[in-house]
Amino acid sequence: MPGPSVERAARPRTRSWTSDLAFRLYRELAAEPGNVLLSPYAVLGALMVLRAAAGGGTRREIEVALQRRETGEALTRSFGVLLREVGHLARAGSGLAEIMSATALWCRPGCPVRPDFVETLRARYGAEAGEVDFARSPAEATRTINAWASEATRGRVRRLMDEGEAAILHNGVLANVVYFNGPWLEPFGEGATWEEPFFAGSGRREVPMMHGVGTRAYARVGHVEALQLPCAVSRIRMIVLLPEEGHLEEVEHEFACCLL
């Protein structure tokens, strides 16, 4: 009997790439007040591109931050499996969902990127490299980067940065854009949305809430309820966590620390 392919054998480990990183990122970001929105997949892609450009101690520090068992070429191959999995999901969801992601390294004039490194970015990391003048032409730099983001997402993401952000940059910026839009496997009815009270950290307020009846994966652990909502594209799920009233900080702490 033939053995499993390299891609299939590596798949169980690649599934933990973004979830492990998400918990660790959330632990750091949740220390500050306010809402948190992050894309572990985008951060991972940026770190892998930085790793490709780094060497010595900096490269080792990035690999320590990733907390993977693989190093060197094995780590690069493992990340390649993840890229192919995401690409497969995007192709499988064609007509049902939109899944788009792109990464690009933008450098100032006079700070050229070696051609062999540009080819490495494209071939192994699905990333691009370009040149913009942040210091002299922040408005043009902004237009160039936003145009790239718009083209990469077929017009879905048209603004990635503004002129003020570009003006404070000097040597370069590593940009990443992620877009997803897909229907639920069991959609909510159009007329099944009405206002109900929502309890946030800032207090109670009325918000539009969707309603539906069906069979879903559900769990209750301690002071939190968890609900899984499958999308129409296989293997894509949304997991909603609902803390009991008065236990938000406790659940948030457990989410950020105890699941690591």
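Helix 3 passes helix 6 in a right-handed crossing. This is a predicted model, so keep that in mind throughout. Helix 3 covers residues 40–53, and helix 6 covers residues 115–125. Their axes come within 11 Å and cross at roughly 145 degrees.

Who touches whom? On the helix 3 side, we have Met-48, Val-49, Arg-51, Ala-52 and Ala-53. They meet Phe-117, Leu-121 and Tyr-125 of helix 6. By class, that contact has seven nonpolar residues, one charged and no polar.

Stay with Tyr-125 for a moment. Tyr-125 pairs with Phe-79, ring to ring, in a tilted arrangement. The centres are 6.1 Å apart, with 35 degrees between the planes. Phe-79 sits in helix 5, residues 72–92, and Tyr-125 in helix 6, so the pair ties together parts 46 residues apart in sequence. Both Phe-79 and Tyr-125 are buried.

The structure holds three aromatic pairs. Another is Trp-184 with Phe-188: the planes stand at 80 degrees, so this one is edge-to-face. Its ring centres are 6.2 Å apart. Trp-184 is partly exposed, at 22% relative accessibility. Phe-188 is partly exposed too, at 23%.

Now the cores. The largest nonpolar core has 18 residues. Which members touch the most others? Trp-106, Phe-134, Ile-145, Trp-148 and Val-173. Strand 1 (98–107), helix 7 (138–152) and strand 3 (172–181) each give two or more residues to this core. Take Val-173: its contacts include Trp-106, Phe-134 and Ile-145.

There is also a second, separate core of 17 residues. Among them are Leu-21, Val-49, Leu-66 and Leu-105. Val-49 brings us back to helix 3, where we started.

Key: Residues numbered from 1 in each chain as written. Predicted model: local features only at pLDDT ≥ 70, side-chain atom pairs only at ≥ 80, totals over all residues. Heavy atoms only, no water. Axes fitted to C-alpha atoms, helices over the stretch in contact; angles between N-to-C directions. Helix = DSSP H or I, 4+ residues; strand = E, 2+ residues; numbered from the N terminus. Left-handed = near helix turned anticlockwise from the far one by under 90°. Contact = heavy atoms within 4.5 Å. Nonpolar A, V, L, I, M, F, W, Y, C, P; charged D, E, K, R; others polar. Core = buried A, V, L, I, M, F, W, Y, C linked by side-chain atoms within 4.5 Å. Buried < 20%, exposed > 50% of the residue type's maximum accessible area, 1.4 Å probe, protein only. Phe/Tyr/Trp six-rings, centres within 6.5 Å; stacked < 30°, edge-to-face > 60°. Lists of a residue's contacts leave out its neighbours within four places in sequence.
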